[in-house]
Amino acid sequence: MKRMATPRKEPLIVVVICLRLIANVQGRYSSVLCDEGDSNALLEFKAEFTDEAGQLQSWKEGTSCCSWNGVNCNFNGRVRGLRLLNRNHLEAPSMIANPNISTVAGASLGRLAALNYLITEGIHFNGPIPSTWGSLQVLTHLNLVDPNFTGSIPPQIGNMKDLRNLQLDEGELEDSLPEDICKLANLTVLQIIGNKLTGVLPPCMGNMTSIQEISFGSNFLWGNIPSWIGNLAYLKKLTLSDNLFSGPIPPSLGRLTNLKQLLLSDNLLSGSIPQEIGNLTELTDFAAENNYLSGSIPSALANCTSLRFLGLHHNELRGFIPKELGSLPELTLLQLFNNNLDGPLPAELGSVPEENNLSIDVSNNSLSGPIPDTLSSIGALYAANNFFTGGFPLSLAAKAFSVDLSNNRLSSVRQVGAMPQNPQLNQLSLGSNRLTGRIPPWLSSLVNLGSLDLSSNELKGGIAHSLFALKSLTSLNISSNPLNADLPTWSHNFTGNIGSLDLQGALLTGPLPAKFLDSFPNLFHLDLSDNFLVGELPSNIGDRVSLTYLDLSSNKFWGLVPATIQNLSQLSYLDLSNNYFMGPVPSKP
């Protein structure tokens with residue numbers, strides 16, 4: 001279950017502000033003569049690393065270190081800041097510690113007694129955090145992204161009495177958090193993401209009353225989420241996602257009235273969601289997906305009036321979706337899929353402001369009843385694999401980009417409601433339902449429709465020319481329906497934009513007309529298998545040079561396979577089996 005599925009590792013606001021301030025004063029004392037001891041410490045640091053990107057090219061003996069790239073000095077010539085950033089560090093680190101050095105890489109930086117900030121990105125130390133850094137008594141910001149540290153966090157880190165921001169993201173740090181970290185009384189941000197930390201959170205952290213952010217995402221921490229976290233009155237962000245925490249979500253978290261982000265996804269949490277979470281009126285993001293949470297979704301969440309993202313998917317939640325969620329004025333993303341929810345889809349969700357472009361995913365539950373016709377303001381609805389009945393409310397086509405109602409019990413193709421003016425719907429999936437009758441004509445009025453899936457229903461009759469004529473339609477799947485019809489042809493020149501056409505198992509009869517192929521010059525995927533098509537293949541099939549997938553198997557085609565088929569140079573899949581063809585299949589030259 002070790003995977004990150006949830007938002008959102010956002011850059012720390014405090015770090016961004018810090019960097020801007022640094023940029024403003026970077027050159028203020030660049031002409032000051034650098035302290036000799038600081039210069040030597042930096043040159044030792046340089047000698048320990050390969051520097052393929054040339055970040056330290058300006059670091060030369062005999063020049064003032066205050067003029068070196070990434071170095072910031074105070075008016076006395078002491079190094080007060082070091083900032084070395086590689087924005088492309090995910091592709092390749094810019095600096096890598098030399099494996100042959102006899103000392104701990106970066107240890108010399110502990111001699112920079114005036115150092116106020118140390119900020120690096122993509123510099124691989126490939127060893128332990130230097131214990132000498134405990135001597136940096138005036139350091140306020142230690143922000144290292146992708147440093148690839150190994151081993152334990154040294155207890156000397158507790159000596160950095162002025163430290164306010166500690167970030168050690170993406171490395172190989174292991175073992176438990178040392179209790180010495182609790183000595184950092186001024187710490188406001190503690191972020192150690194993407195390492196291999198184990199054990200429980202030290203109880204002494206409950207005394208770190210100045211802390212505003214705790215982020216330990218993507219580690220191997222275990223145990224219950226401690227109730228003492230509720231004592232951290234200034235906490236704004238709590239990220240414990242992608243660990244091994246178990247047990248319930250403590251109700252004491254409801255005391256964190258300044259909390260904006262509560263990220264608990266990808267753990268082993270169980271029990272119900274406490275009603276007290278509803279006290280968090282500043283909360284914008286609540287992610288607890290991929291756990292074992294049970295019980296019902298508390299209606300008290302509607303009191304979290306700042307909530308934008310609610311992710312409770314992949315749990316064992318039961319009961320109704322609270323209609324009160326429709327009163328959340330900021331909600332933009334509601335993810336409840338893969339649970340055991342039942343009852344109706346609340347009509348009240350249509351009350352969320354239109355400008356939010358609300359995306360709702362309730363797939364893979366046991367929801368039932370008709371789809372409400374009040375959802376004209378939402379941006380997307382994913383509700384596959386439920387037990388919804390009735391028809392498709394046209395109000396859903398007004399603003400939504402994508403609607404997936406596949407694998408339900410929809411049975412009616414009749415028009416439900418009025419067609420919106422300029423409907424925005426681009427993707428519609430109604431496959432694997434119980435739709436009967438002819439393909440509904442109102443589909444041809446969805447002028448922005450790009451993808452339509454009607455597969456595995458009981459639709460009959462031909463396909464309306466007006467549906468093929470939709471200029472925006474590029475993907476059409478009507479497979480596994482008893483259409484019992486011929487492929488259409490046009491008496492006039494007609495060109496459609498369909499690139500993917502799946503009519504497999506649709507009881508099609510008659511020939512494959514040359515005009516039909518001429519009408520779709522953009523075809524790259526064509527499946528006409530498992531039908532009753534007859535006659536010879538038209539030679540212009542070789543004109544569809546964009547085809548990568550062609551399945552004509554299990555029909556009643558006869559004669560020679562046209563030599564022009566060898567023109568299909570992009571073809572990666574071809575199946576002509578179970579027909580009455582004679583002679584060889586022409587191969588590519």
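The model is predicted, so local features need pLDDT of at least 70 and side-chain atom pairs count only at pLDDT 80 or more, while totals for chains, interfaces and linings use all residues. Residues are numbered from 1 along each chain as its sequence is written, and side-chain values use heavy atoms, with hydrogens and water left out.A nonpolar surface patch is formed by Val200, Phe220, Trp222, Leu244, Leu268 and Tyr292, which together have about 510 Å² of accessible area. Patch residues have over 30% relative accessible area and no salt bridge, and nonpolar side chains (Val, Leu, Ile, Met, Phe, Trp, Tyr) are joined within 5 Å, like charges within 9 Å. A salt bridge is a side-chain nitrogen of Lys or Arg within 4 Å of a carboxyl oxygen of Asp or Glu; areas come from the Shrake-Rupley method with a 1.4 Å probe, and for residues only the protein chains shown count as cover. Tyr292 lies in strand S20 (residues 292–293); strands are DSSP runs (E, at least two residues), numbered from the N terminus.

Ser64 sits in the loop between strand S1 (49–51) and strand S2 (71–73). Its relative accessibility is 17%, and Ser64 is therefore buried (under 20%; exposed is over 50%, partly exposed in between; 1.4 Å probe, protein chains only). A polar atom of the Ser64 side chain lies 3.2 Å from the backbone nitrogen of Cys34.

Most residues other than glycine have a negative phi. Asn338, however, has a positive phi of about 60°, in the loop between strand S23 (333–335) and strand S24 (340–343). Asn484 also has a positive phi, near 50°; Asn484 is exposed, at 57% relative accessible area.

Key
Helix = DSSP H or I, 4+ residues; strand = E, 2+ residues; numbered from the N terminus. Polar contact = N/O pair within 3.5 Å; in protein donor to acceptor, adjacent residues only side chain to side chain.
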